[in-house]
Amino acid sequence: MNTNMKNTALGMLEENIIPFWSGLRDEEYGGFYGLMDIDLNLDNKADKGCILNSRILWFFSEASRVLQRDDLLKQARHAYLFLVDYCLDKQHDGIFWSVTYDGKPADTTKHTYNQAFAVYALAAYYEASGDKEALDLALRLFNMLEEKCTEANGYGEAYDRTFSPVSNDKLSENDVVADRTMNTLLHVFEAYSGLYRATKNPEVKEKMLHILDTFINKIYNPERQRQEVFFDTNWNSIIDLTSYGHDIESSWLIEWGCKMLDNPALTTQIENICSEMAANVYKHAFRESSLRNECVRGVEDESRVWWVQAEAVVGFLNIAEKHPEQSEYMSAAEDILAFIEDKLVDKRPGSEWLSEVMPDGSHTDKMKPIVEEWKCPYHNGRMCLEIITR
């Protein structure tokens, strides 16, 4: 990797991402503010998404560990205390979907995806801080997730406050409501990978192996060299959809977790699948120095979404490391990072990254807030940390 990429990543972290999210710290009610609109108007009375808080906790924990900065660990602790005091349901266990600005339950849905991100964040905070209580909570949520959110052939998606199943509208789109999603399974695996790295717990390893089996035999489509996205309860795909962002994210993230398991045969199988996926994304989605969003029923979405570009940099770096003789992947990573710096990093004072743009940098007709429950320092912060550590 060239030095310029590392310097660019450090600059993005230190001049943009870290100062921006540090500035959203809510000193009065705890946690971090939940909404800043596209015009940079901060709503300090907006609900606070618990996914957002978990991702902030994960980011500051990892950044403090990688950059060896105590000030970032203090930000992580601020997020940790808010998760424990307000996002955690003291009555029925599990993590709420959202709370009010002052910490009262707002949306009490218990989503498997959300539980997983709390596990991931708590494991990272434990690794950064050594706080045993954080690890104990991570393991408790892991056991709860396995008890409450598993069904005969996979993980359920959405539940009410007492863990009775409800419709999965929060992680469904494109006019379908899915009983199983690739996205939830991916991030449960990611969370368990983080927890396994912190603990080497054999029960966590067993669940990771089970998820990898599902990925190989249910999620991955070898004929199309992509992941299927939305499924019924029997893992039948219910829509023709290629999510380029999730495919390139999975191509490095699943490999990262698998390598921890000390299973050479499985690792080789996963590496081959992940290389196929990354190559397929490069072939079909890398255009104009950036990555298309997705292809739905044969129609390409040409918008350039912030998290898709961030994951593409890491995914192409990952395949470039495995196949240095194929220089196009390193070139793609460099080009997308330059695209991000030029067109997605918002140049307005007091902003961070735009949510999405067109290939020429112009705004789309659906510009989303700078901060909301899904717009966070997780994908872009992680991209920077991956560039630095690689």
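This is a predicted model: local features need pLDDT of at least 70, side-chain atom pairs count only at pLDDT 80 or more; totals for chains, interfaces and linings use all residues.
Residues are numbered from 1 along each chain as its sequence is written, and side-chain values use heavy atoms, with hydrogens and water left out.

Asp89 has a relative accessible area of 1% and is therefore buried, where buried means under 20% relative accessible area, exposed over 50%, and partly exposed in between (1.4 Å probe, protein chains only). A polar atom of the Asp89 side chain lies 3.2 Å from the backbone nitrogen of His92. Not counting residues up to four places away in sequence, Asp89 touches Gly94, Phe96, Lys110 and Arg161, a contact being heavy atoms within 4.5 Å.

## Tyr86 in helix α3

Tyr86 belongs to helix α3 and, at 31% relative accessibility, counts as partly exposed. Leaving aside neighbours within four places in sequence, Tyr86 is in contact with Tyr29, Phe96, Val99, Asp102 and Gly103. Between Tyr86 and Thr199 there are 113 residues in sequence and 26 Å in space, C-alpha to C-alpha.

## Ser303 between two strands

Ser303 is located in the loop between β16 (299-301) and β17 (304-305), and with 4% relative accessibility this residue counts as buried. The side chain of Ser303 makes a polar contact with the side chain of Asp301 at 2.7 Å; such a contact is a pair of N or O atoms within 3.5 Å, of which, within protein, one must be able to donate a hydrogen and the other to accept it, and residues adjacent in sequence count only if both atoms are side-chain atoms. Residues up to four places away in sequence aside, Ser303 touches Leu291, Arg292, Asn293, Glu356, Val357, Met358 and Thr364.

## The protein as a whole

The protein has 12 helices and 18 strands. Its radius of gyration is 20 Å, close to the 21 Å that the globule rule gives for 390 residues, so the protein is as compact as a globular protein of that length; the radius is taken over C-alpha atoms, and the rule is 2.2 Å times the number of residues to the power 0.38. Of the 390 residues, 59% count as buried, and residues 24 or more positions apart account for 67% of the contacts with a separation of 6 or more.

Note on methods. Helices (H or I, at least four residues) and strands (E, at least two) are DSSP runs, numbered from the N terminus.
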